[in-house]
Amino acid sequence: MYSLVLNALVRHINKNKINTKCIKYLKTSASLDAFWERDPKGGYIDTREKPSKTQIVREGLKELKTEIALWSQEVKEHFEFDPNMIFRPGETDIVWQFGSQDSLNEWVVTSDKDHNEGYSSCSLALNKHGKGLFAGELSTRVPKDGRIKRAGYCNIKTIRARKSFKRETFLNWGPYNMLVMKVRGDGRSYMLNITTKGFFDLTWNDTYHFVLYTRGGPYWQISRIPFSKFFFASKGRVQDRQSPIPLNKITNFGISVGDKINGSFSLEIDYIGVEFDPNHKEEFAYEMYRMPKYIVAT
Amino acid sequence: MLNGHNLSKTMLRKSVLMIIFNYCKYRTIGPKFINLNHAKRRNLHISSICFGDPTKSKDIVIYENFEAIKEKNKKTYLEMLKIFGERDVHRRGHVEFIYSALKNMESFGVHKDLEVYKALVDVLPKGKFIPTNIFQAEFMHYPKQQQCAIDLLEQMEDNGVMPDYEMEDILLNIFGRRGYPLRKFWRMMYWMPKFKNLSPWPLPSEIPNDIFELAKLAVERISSIDIQSKISVYQTADIQDAVEDTWIVSGQSITQQKLLSEHNVKQPVYVEGSFQIWIKNKLVNYFILRADPKPIPKEDYDPDDVSHINVPLFGFTPPSKKSLMTRPSVHEQEDGVVLAVCVTGTSGRDSLLSWIRHLEADGNPALAEIPVVFTLRAPEKEIATADANEEENSIEKM
């Protein structure tokens with residue numbers, strides 16, 4: 001019935017050469033009055049063309065070899081049962097390091113331009129010294145579509161940690177208490193995002209943030225940020241009920257820039273690692289006192 | 001007869017009832033079916049609309065007032081708020097007024113002024129919007145007004161304006177303790193002070209517009225890596241045969257001077273730039289004097305190798321091989337040795353040549369012999385807005 005109506009409408013439109021903008025009352029999207037999440041991407045659909053079935057099978061079979069190698073490694077580690085038990089203070093365990101093209105494949109680069117929600121553009125590449133260079137142009141210009149209120153962000157994010165055969169898993173940073181980054185910025189402030197996506201829709205957007213201040217200039221800086229300083233937010237809104245990061249449930253790490261300053265930005269990254277500092281005793285930097293009823297988290 | 005009389009009486013009553021019924025029926029649904037094209041419509045108004053002055057605008061939104069003002073500054077902005085407050089006792093259309101006032105803040109240059117925001121919130125009436133029972137409190141009493149106040153606070157947050165406790169008093173008087181704007185206020189007062197002075201490279205709250213002052217801030221910030229750094233200001237006019245007449249802000253430390261004096265005369269040093277550094281929302285171009293990176297001495301020492309263990313003989317341990325080296329300074333980076341940093345007034349080649357001459361005179365005599373290579377590049381991107389509209393059109397077409 002619906003398609004019949006639609007066909008009739010389309011025919012009518014073609015006949016009379018009416019602008020397609022007229023058919024506004026035909027809603028194809030679900031209403032947004034429910035608070036539960038329909039999909040983890042929040043409605044942002046990947047518009048890239050999917051490869052054909054035969055191509056998927058062919059590519060999949062190619063990947064079988066590496067996946068089996070990964071899996072056998074996992075099995076071996078399971079039987080050996082020799083995990084790292086000693087985390088020496090002052091020793092940085094590097095998690096992501098730039099240096100080769102393969103290291104770039106672990107990152108996803110996004111900006112508001114991707115979904116026609118702004119005009120910022122960015123890229124992640126290797127510079128001539130082989131370090132990661134996250135650079136681009138930030139623009140707070142809002143597209144005139146009547147829907148977008150504010151614009152201007154660029155973001156890089158790691159892909160989800162996984163086991164063999166593309167099974168999703170978590171990064172376990174439990175024994176560590178510091179995030180260590182060797183970066184060279186341009187004087188801007190960047191936002192670090194640690195995502196701890198859970199199973200239920202309520203936890204899909206759980207993210208912990210902190211600011212990465214950069215000096216700017218020709219010198220590299222090593223920023224050591226305790227995990228206790230990261231504050232809890234969801235969809236960019238800082239939450240009233242705060243809690244320390246569940247360090248054994250980390251899914252992604254990201255860096256974003258959106259400081260409302262129009263112009264170019266560049267952040268060179270050497271490595272991102274974690275460290276155990278026995279002198280850092282703080283568990284969580286923000287107050288955890290009981291708050292008035294029916295006021296918080298409403 | 002009596003019966004007949006009664007009958008006619010009931011008939012009459014029935015017919016009267018039918019007339020009334022039909023009248024009512026057609027009064028309500030009649031106009032929907034009857035085509036009144038040829039009939040004349042009654043011109044009877046019950047509202048007072050016709051008796052008013054037709055030339056007077058009936059607009060609720062008075063946004064044009066803000067845009068009509070010629071002289072745009074804080075004084076005229078506050079004057080506008082005062083006019084609105086004194087216009088009439090009922091003070092209708094607060095929400096529309098506040099939204100239009102918020103929109104025009106930046107053009108008046110008051111978007112970072114706490115006093116103005118407070119004056120703007122003060123426009124709302126006190127006491128009227130305070131809920132008096134739990135149902136009102138729970139179901140967002142006066143939602144438009146509350147949302148308006150939240151949007152105002154959000155704009156403050158976006159512009160980095162931290163509210164104060166007078167703001168809390170004003171909001172409390174307007175919305176009461178259960179108001180949503182109060183929640184927003186309390187959140188802001190919890191989080192904003194935590195990040196206000198967190199930057200390890202603090203800057204003045206008012207960034208100067210003068211390029212020279214900005215250049216000094218930039219060089220100070222870059223040189224903050226070495227506390228021995230000295231910031232000096234040179235004039236190109238002091239150098240003979242200088243083409244440009246401008247200033248140079250240069251930063252160099254004793255360590256860098258020492259590195260330059262120890263530099264191999266046959267190896268060149270490079271003047272590189274321009275690079276960019278942001279001082280809050282201002283962009284500064286800087287240049288560096290760089291030498292090639294020092295090779296890190298590699299020592300093949302394997303701690304797990306047990307083939308050559310020096311065994312103590314009769315309690316006498318043979319002396320272990322000592323290899324000492326000075327700890328590399330912060331200026332010796334992986335991708336080069338930074339020898340000096342500068343910002344010039346024109347960022348031109350000639351001013352950089354003058355900078356090298358000034359450095360030579362100011363404690364780096366080695367620069368007279370070391371070959372200096374100028375590897376300058378043009379600014380990476382031209383500042384152009386020509387294709388901005390084109391881009392916008394392409395997005396709208398999608």
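The model is a predicted one, and every value below was computed from it. The contact between the two chains draws 46 residues from chain A and 41 residues from chain B, and the area buried between them is about 3900 Å².

**The interface between chain B and chain A**

- Carbon and sulfur atoms give 50% of the area that is buried between chain B and chain A.
- Across this interface there are 17 residue pairs in polar contact, counting those with both residues at pLDDT 80 or more.
- Several elements of chain B give two or more residues to the side that touches chain A, among them helix H8 (143-158), helix H10 (180-196) and strand S3 (269-279).
- H10(B) gives the most to that side of chain B, with eight residues.
- Sorted by class, the side of chain B that touches chain A has 18 nonpolar, 16 charged and seven polar residues.

**Salt bridges between the chains**

- The count between chain B and chain A is eight salt bridges, while the count over all chains comes to 37.
- One of the salt bridges joins Glu334(B) to Lys131(A), with the closest N and O atoms 3.2 Å apart.
- In another, the side chains of Glu154(B) and Arg237(A) meet at 3.0 Å, N to O, and this pair crosses from helix H8 of chain B to strand S11 (residues 237-238) of chain A.
- Glu154(B) is buried, with a relative accessible area of 13%, whereas Arg237(A) counts as partly exposed at 47%.

**Salt bridges within a chain**

- Asp164(B) forms a salt bridge with Lys118(B), the closest N and O atoms being 2.7 Å apart, and the pair links parts of the chain that lie 46 residues apart, with Lys118(B) in helix H6 (residues 114-121) of chain B.
- Asp164(B) is partly exposed, at 23% relative accessible area, but Lys118(B) is buried, at 12%.
- In chain A, Arg147(A) and Glu117(A) meet in a salt bridge of 3.7 Å, N to O; Arg147(A) is exposed at 56% relative accessible area, and Glu117(A) counts as buried at 11%.

**Strand S3 of chain B and its partners**

- S3(B) is mostly covered, since nine of its 11 residues are buried.
- S3(B) pairs with S4(B) in the antiparallel sense over nine bridges, and with strand S7 (residues 372-376) of chain B in the parallel sense over five bridges.
- Val271(B) stands opposite Leu289(B) in S4(B) and also opposite Phe374(B) in S7(B).
- The hairpin of S3(B) and S4(B) has two residues between the strands, and Lys280(B) there takes a positive phi near 50 degrees.

Technical notes: Residues are numbered from 1 along each chain as its sequence is written. Chains are lettered from A and ligands numbered from 1 in the order in which they are written. This is a predicted model: local features need pLDDT of at least 70, side-chain atom pairs count only at pLDDT 80 or more; totals for chains, interfaces and linings use all residues. Side-chain values use heavy atoms; hydrogens and water are left out. Contact means heavy atoms within 4.5 Å. Buried area is the accessible area (1.4 Å probe) that two parts lose on being put together, summed over both. A salt bridge is a side-chain nitrogen of Lys or Arg within 4 Å of a carboxyl oxygen of Asp or Glu. A polar contact is a pair of N or O atoms within 3.5 Å; within protein, one must be able to donate a hydrogen and the other to accept it, and residues adjacent in sequence count only if both atoms are side-chain atoms. Helices (H or I, at least four residues) and strands (E, at least two) are DSSP runs, numbered from the N terminus. Ala, Val, Leu, Ile, Met, Phe, Trp, Tyr, Cys and Pro count as nonpolar, Asp, Glu, Lys and Arg as charged, and the others, Gly among them, as polar. Buried means under 20% relative accessible area, exposed over 50%, partly exposed in between (1.4 Å probe, protein chains only). Two strands pair if DSSP finds at least two bridges between them.
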